[in-house]
Amino acid sequence: QVQLVESGGGLVQPGGSLRLSCAASGFIYSQYRMSWYRQAPGKERELVASISAGGGKTYADSVKGRFTISRDNAKNTLYLQMNSLKPEDTAVYYCSRQGLYWGQGTQVTVSS
């Protein structure tokens, strides 16, 4: 069965960096678009970044120039490099396959 397991979240000061990882299994990872979403307290889940099977990338305006999505098809792993973090980036971050399958999420807190 499809399984997505996120890791790498934590507490970081404003201006800091984190790299999230999502280990995928149970499907042919290289054939699917993969995405990162986030949900802050009291807000709806929002799309942060996506990467197609061919490597094409899209980003939410709020993270352009600060976040980078990437994938390693040999390791069946999705990444999100987050730089210049802001308090408003605080949320639970989820990886997803096509918005149908979800990981359990990893908490990112940006605070001094």
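The model is predicted, so local features need pLDDT of at least 70 and side-chain atom pairs count only at pLDDT 80 or more, while totals for chains, interfaces and linings use all residues. Residues are numbered from 1 along each chain as its sequence is written, and side-chain values use heavy atoms, with hydrogens and water left out.

The chain has eleven strands and zero helices; helices (H or I, at least four residues) and strands (E, at least two) are DSSP runs, numbered from the N terminus. The C-alpha trace spans about 40 × 25 × 25 Å along its principal axes. A compact globule of 112 residues would have a radius of gyration near 13 Å, and the chain agrees, with 13 Å (taken over C-alpha atoms; the globule rule is 2.2 Å times the number of residues to the power 0.38). Of the contacts with a separation of 6 or more, 52% are between residues 24 or more positions apart, contact meaning heavy atoms within 4.5 Å.

Turning to the inside, 42% of the 112 residues are buried (under 20% relative accessible area; exposed is over 50%, partly exposed in between, with a 1.4 Å probe and protein chains only). The largest nonpolar core has 27 residues, and those touching the most other members are Trp-36, Val-48, Phe-67, Leu-78, Leu-80, Met-82 and Tyr-93. Such a core is a set of buried Ala, Val, Leu, Ile, Met, Phe, Trp, Tyr and Cys residues joined through side-chain atoms within 4.5 Å. Strand S3 (18-25), strand S4 (34-39), strand S5 (46-51), strand S7 (67-72), S8, S9 and S11 each give two or more residues to this core, and S3 has the largest share, four residues. Leaving aside neighbours within four places in sequence, Phe-67 is in contact with residues including Arg-38, Val-48, Tyr-59, Leu-80, Met-82 and Tyr-93.

Most residues other than glycine have a negative phi. Ser-84, not a glycine, has a positive phi of about 50 degrees; Ser-84 lies in the loop between strand S8 (77-82) and strand S9 (91-97) and counts as partly exposed because its relative accessibility is 40%. Gln-98, in the loop between S9 and strand S10 (101-102), has a positive phi near 60 degrees and is partly exposed at 44%.

After strand S11 (106-110) comes the segment with Ser-111, partly exposed at 38% relative accessibility. Not counting residues up to four places away in sequence, Ser-111 touches Leu-11, Val-12, Gln-13 and Pro-14.
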